[in-house]
Amino acid sequence: MSRPLVRPAEPADFAGVARLTVAAYETDGQLKGENGYAAVLADVAGRAADGEILVATDPATGELLGSVTFVRPGSRYAELCGPGEAEFRMLAVDPAAQGRGVGAVLVEACVARATELGCTALTICVRDGHAEAAHRLYRRRGFVRVPEQDWSPLPTVNLLALRLPLP
């Protein structure tokens, strides 16, 4: 497979993005015992109203391979980013496309977007004990833990804060 293409999502993509995002989180075990998070993940139109949805597609077939939500401080989905920073949320790769560099391409698109906007840093929360491949990807890209910003939206969910300083 050649390198996935990243572009802004269009409304026609939203149903596919919802499916692949929920499937990716389910495959990783992140929806066990969750109350309502699958519905939040599936609300792509809601996310698009408060941020930018980017999709990775197969350049040959146009098939959706993954997606990510890019947000700025003060928006409904921002959890960590402060003034002058950006954040990405809900990065998901279709389980059938995992291991093919899709996640890395989406992270790079977020880094490029944050740099284009003049942001000083890019942040993300990752669930402790899940998504080990994602944790490795973020470490390789230079994201560092910010333990003082770790938090728990539910008693059984611990989110680790990561930050990438930008030039």
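View 1. Glutamate 116 is exposed, its relative accessible area being 61%. The structure shown here and in the following views is a predicted model. Glutamate 116 forms a salt bridge with arginine 113, and the closest N and O atoms are 2.7 Å apart. Both residues belong to helix α4, where a separation of 3 residues corresponds to about one turn of the helix. Arginine 113, at 22% relative accessibility, counts as partly exposed. Side chains of opposite charge can pair when their charged atoms come close.

**View 2. The salt bridge between arginine 141 and glutamate 108.** The side chains of these two residues meet with an N to O distance of 2.4 Å. Arginine 141 lies in helix α5 (residues 132-141) and glutamate 108 in helix α4 (residues 102-116), so the pair ties together parts that are 33 residues apart in sequence. Arginine 141 is partly exposed, with a relative accessible area of 28%. Glutamate 108 is likewise partly exposed, at 30%.

View 3. A search of the whole structure finds 9 salt bridges. One of them joins the side chains of aspartate 43 and arginine 76 at 3.8 Å, N to O. This pair links distant parts of the chain, 33 residues apart: aspartate 43 is in the loop between α2 (37-42) and α3 (44-50), and arginine 76 is in the loop between β3 (64-71) and β4. Aspartate 43 is partly exposed, with a relative accessible area of 32%, whereas arginine 76 is exposed, at 52%. Salt bridges link Asp43, Asp50 and Arg76 in a network.

View 4. Glutamate 85 is found in strand β4, which comprises residues 85-93. With a relative accessibility of 11%, glutamate 85 counts as buried because this value is under 20%. The side chain of glutamate 85 makes a polar contact of 2.7 Å with the side chain of arginine 163. Leaving aside residues up to four places away in sequence, glutamate 85 touches Arg72, Pro73, Leu80, Cys119, Thr120, Ala121, Thr123 and Arg163.

View 5. The structure contains 4 aromatic pairs. In the pair of phenylalanine 88 and tyrosine 138, the ring centres are 5.7 Å apart and the planes stand at 65°, so the arrangement is edge-to-face. Phenylalanine 88 lies in strand β4 and tyrosine 138 in helix α5, so the pair ties together parts that are 50 residues apart in sequence. Both phenylalanine 88 and tyrosine 138 are buried. Together with Phe143, Phe88 and Tyr138 form one aromatic cluster.

View 6. Strand β5 (residues 121-127) runs antiparallel to strand β8 (residues 157-165), and 7 bridges join the two. Within this pairing, alanine 121 has proline 165 of β8 as its bridge partner. Strand β6 (residues 144-145) also pairs with β8 in the antiparallel sense, over 2 bridges; arginine 145 stands opposite leucine 162 of β8. Strand β7 (residues 151-154) is antiparallel to β8 and is joined to it by 2 bridges. Tryptophan 151 has leucine 159 as its bridge partner in β8. Strands β7 and β8 form a hairpin, with 2 residues between them. In a regular strand the side chains alternate between the two faces of the sheet.

Conventions:
Residues numbered from 1 in each chain as written. Predicted model: local features only at pLDDT ≥ 70, side-chain atom pairs only at ≥ 80, totals over all residues. Heavy atoms only, no water. Helix = DSSP H or I, 4+ residues; strand = E, 2+ residues; numbered from the N terminus. Buried < 20%, exposed > 50% of the residue type's maximum accessible area, 1.4 Å probe, protein only. Polar contact = N/O pair within 3.5 Å; in protein donor to acceptor, adjacent residues only side chain to side chain. Contact = heavy atoms within 4.5 Å. Salt bridge = Lys/Arg side-chain N within 4 Å of Asp/Glu carboxyl O. Phe/Tyr/Trp six-rings, centres within 6.5 Å; stacked < 30°, edge-to-face > 60°. Pairing = 2+ DSSP bridges.
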